[in-house]
Amino acid sequence: MEYWNSKAETMPRHELIDWQWRRLQRAMAFARRNSPFWNERIPDGITTPEEYAARVPLLHKSDLLAAEAAAPPYGTWPSLPPELGVRHHQTSGTSGNPPIRTFDTERDWSWCVDTFCTALYANGVRSHHKGLVAFGYGLFAGFWGMHYALERMGCTVVPAGGLDSRTRIRLLVDYRIEVLGLTPSYAMRLIETAADMGIDLAREANVKVILAGAEPRSDFTTRTIEEAFGARVFNAAGTTEFGGVFMFECPSRRNACHILEPSCYDEVLDPVTKQPVGYGEEGVRVTTGLSREGIQLFRHWTEDVVVKRPHSDCGCGRTWDFYDGGILRRVDDMRKIRGVSVTPVMIEDVLRSFDEVREFHSAIRTVRGLDTIHVKVETDCTGAAGEALIARIVEEFKREIGIRPQVELTEAGSLPRSLWKAARLHDERELTAHG
Amino acid sequence: MTNANSPLTAEQEQQLLRTYHELQDLAQACGVPAVRAAVKTALAELRTALDGQAVDFEYYPGQAGVFAA
């Protein structure tokens, strides 16, 4: 096993925990001294991790938005003057809220890039490789860090922002790209585009490693991407608020997403009682950043549902605990439909198992007072073949999820495709309750 | 193959730390914009490298001085 930073990655667990606590104490002292926001929230005299959990309040998105509104654009939470920033990023604001805006100092950005290097190196990326990052290179932090990480590692990066999917496919093939970064949703789009172009990616391209991150995905989607590209897919995630990668999937064990524990002190809490849950139990990830200086983060209630397991269950030699399956879902992703809990990934898992399904869109609607799943499926099947497909989809939903959906077929190419994260399950119950 | 057993030696660690401090001094004293910019970039990268080796040093600005814009 090779590591980007062998000392930090394989440090004995008790040393790592001591180191984390020293870093947390330094981070708190710096924040209290420099940020009015954190000075109000972090009490003086915290001497143990237990006290930290008991006395520092959980940070919700609404707290950040309020701080931002008080002193736009970055709010009262920065610990350094924004003039020291060398980059600006912000969240997409798709939830209807204003975006969270952040900046990185030169030192913050160096650290962020290093978190990507850690993940890429672990997954076999080396200096002789060529990489392509298929994202928009815009305001959203997304894969910016991957681009710079590939440069730092000595790879050749082909910039692919602002290009359409066909051009990206051509670049992948013509330049024999070995490393690819994108979201799982966009990977599915590229697979479809390549098929339309008559290109067999597994045979004609040379992709070896794919960082498919930034959104939950089903195992089926991961397998589909791996088979289509003939490459290994690994998961990784970061957030704009945290400022770097906080977990990456280990090549030694499928779904074991190691937490970058020198940079983040993570708690996993019961969503109702807000008390810590044990290894192997589902809870909400609450994170504290230990590395960033410009914008710091303490006890951020991320709404990510995770299951933490001890590092020893992986066996790669890293002493960093891991999230089994990465981010399983967002705490607000789960919908109850007639008493059955349904998540977007469950629906994706069923629909992606049909070769005939090219794309789909699903919604929860109220029909004659009853909540139901409505699925619009894009396919080439028509007539009797289409009817048979509907029947098979309904049967599979009943078997896997326990709900009979309404299925509607639509012609190939009619549903919108995602260039970034897909939103495939829409809750339209309020809109349809009186319809 | 593993690199887990080939950590930075104590001498290399001292060398890294010494370089970091020398560049800090240079960043403070140097008036040439091009040199100063290059030194600050190098400092940011060295800080990340030192941190990855779990070296205790002045991680945040103000702990020991420089880092002003």
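User: What makes helix α11 (residues 219-229) of chain A count as oblique to helix α12 (residues 344-352) of chain A?

Analyst: The two pack at an angle of about 45°, with their axes 8 Å apart. Angles under 35 degrees count as roughly parallel, over 145 as roughly antiparallel, 65 to 115 as roughly perpendicular and the rest as oblique, so α11(A) comes out oblique to α12(A). The axes are lines fitted to C-alpha atoms over the stretch in contact, with angles running from 0 to 180 degrees between N-to-C directions. Helices here are DSSP runs of H or I with at least four residues, strands are E runs of at least two, and both are numbered from the N terminus.

This is a predicted model, where local features need pLDDT of at least 70 and side-chain atom pairs pLDDT 80 or more, while totals for chains, interfaces and linings use all residues. Residues are numbered from 1 along each chain as written, chains are lettered from A and ligands numbered from 1 in written order, and side-chain values use heavy atoms, leaving out hydrogens and water.

User: Which residues meet between α11(A) and α12(A)?

Analyst: On the α11(A) side they are A:D219, A:F220 and A:T221, and on the α12(A) side A:E348, A:D349 and A:R352, with contact meaning heavy atoms within 4.5 Å. That contact divides into one nonpolar, one polar and four charged residues. Asp, Glu, Lys and Arg count as charged, Ala, Val, Leu, Ile, Met, Phe, Trp, Tyr, Cys and Pro as nonpolar, and the others, Gly among them, as polar.

User: How do α8 and α9 of chain A cross, roughly parallel or roughly perpendicular?

Analyst: The axes of α8 (residues 165-174) and α9 (residues 184-196) come within 9 Å and cross at roughly 80°. That value makes α8(A) roughly perpendicular to α9(A). From α8(A), A:S165, A:R166, A:R168 and A:I169 take part, and they meet α9(A) residues including A:Y186, A:R189 and A:D196. Four nonpolar, two polar and four charged residues make up this contact.

User: Is A:P310 buried or exposed, and how do you know?

Analyst: Buried means under 20% relative accessible area, exposed over 50%, and partly exposed in between, with a 1.4 Å probe and protein chains only. A:P310 has 18% relative accessibility, so it counts as buried. Its place is the loop between β13 (300-309) and β14 of chain A. Leaving aside residues up to four places away in sequence, A:P310 touches A:Y279, A:D321 and A:F322. A:Y279 is 31 residues away in sequence, with 6.9 Å from C-alpha to C-alpha.

User: What makes β9(A) and β10(A) a pair?

Analyst: Two strands pair if DSSP finds at least two bridges between them. Strand β9 (residues 245-249) and β10(A) have three, in the antiparallel sense, and A:F248 is bridged to A:H258. They form a hairpin with six residues between them, where A:N255 in the turn has a positive phi of about 80°. Three bridges also join β10(A) to β14 (residues 322-324), again antiparallel, with A:C257 partnered by A:Y323. From β10(A), A:A256 and A:H258 point one way, A:C257 and A:I259 the other, and all are buried.
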